[in-house]
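Here's a quick look through one model, spot by spot. Keep the viewer open and follow along.

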Amino acid sequence: MPELPEVETIARGVNLRVRGDRIVEVWFGGKREPFKTPAARQAKGLEGRSILEVHRTGKHIVCELGAAADRPLDQRGGSPLVECASEPSAQWIVHLGMTGRLLVTTPDAPVAPHTHARVSLMSGRELRFVDPRRFGRLEFRELSRNTGFLAPGADPLSVTAAEFARLFHGRRLAIKAALLNQKILSGVGNIYADESLFRAGIRPRRLAGRLSRAELEGLRLALGEVLRDAIRLGGSSVSDYVDAEGARGFFQLEHCVYQRTGLPCLRCQTPIRRLVLAGRGTHYCPQCQR
DNA sequence: CATTTCACCTGGTGGC
DNA sequence: TGCCACCAGGTGAAAT
């Protein structure tokens, strides 16, 4: 479901509402566990910890966690503000899969179907993970035993022209498939792959390694623009995406090709075509994209 | 090794 | 109304 702009919107919203708060209790439900870390170990690790900051890397939401309240941290007499400046000692990593939501609610808000995690906070708020298709994943990691989590690929918002060109050099797969590969770039999914290729005027089936330097640079700039525009509009709500408060995004109104099969291209009126590439529905304008 | 296909899940939609 | 096929924002394991 959510790609970079949606995950960024959710992470910002959650950060605004829970930063500096403390986890009191954690509940995990559901038959099979959509968890990378077993639920019991995850709950034990989370309970009592402060939330220092929530941010995004790739399509992952990372909650930076401080020490648990009953540990010797208090001996330093640290106020919450001091604590926020301290180093994180653990992380809670949320991947939303296709249909995952991370919501900040009040404890008495109706519990949606497919709610797999409820995290109650000292402020009285609650953080909820809801995911009908259960493709999402929750992971807890101690930073004493692991390094901080970093998405495997380059960040599409800050990648340089030289690095972008190097990432696709010599690759014999379709450029659309390459854009979707999270080990190359982290954060691009089906919507923004199609939309950026349209804006760059490149056909999705072109081989990545055959694109000219100029085409690659055009694609890098188009991708950055699309992602930034989408973040500005709170992401794309195609069916059920909502932010941390349950509000929909508006970038779906700006889509030029995604899910517009048969409709006239907004630039040249040619009907938009659909094909399946890398197992994903792929939309493009046969006239504008070469 | 690089690339492609498919299984993993539930729910919504549109055709008959 | 019911049934069925198909579609969906993602990802890693298995196959090629």
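Are tyrosine 192 and phenylalanine 251 buried or exposed? Both are buried (under 20% relative accessible area, with exposed over 50% and partly exposed in between; 1.4 Å probe, protein chains only).

## Ground rules

This is a predicted model, so local features need pLDDT of at least 70 and side-chain atom pairs 80 or more, while totals for chains, interfaces and linings use all residues. Residues are numbered from 1 along each chain as its sequence is written, chains are lettered from A and ligands numbered from 1 in written order, and side-chain values use heavy atoms, leaving out hydrogens and water.

## The ring pair

The ring centres of tyrosine 192 and phenylalanine 251 sit 5.8 Å apart with planes at 35°, so the pair is tilted (centres within 6.5 Å; under 30 degrees is stacked, over 60 edge-to-face, the rest tilted; for Trp the six-membered ring is used). Tyrosine 192 is in helix H6 (residues 190-200) and phenylalanine 251 in the loop between helix H7 (213-232) and strand S9 (273-277), so the pair ties together parts 59 residues apart in sequence. Helices (H or I, at least four residues) and strands (E, at least two) are DSSP runs, numbered from the N terminus.

## Tyrosine 258

The loop between H7 and S9 also holds tyrosine 258, buried at 13% relative accessible area. Its C-alpha atom is 5.6 Å from that of histidine 283, 25 residues away along the chain.

## Helix H2

In H2 (residues 39-46), Ala39, Gln42, Ala43, Gly45 and Leu46 are buried. Ala40 and Lys44 are exposed on the face turned away from that buried side.
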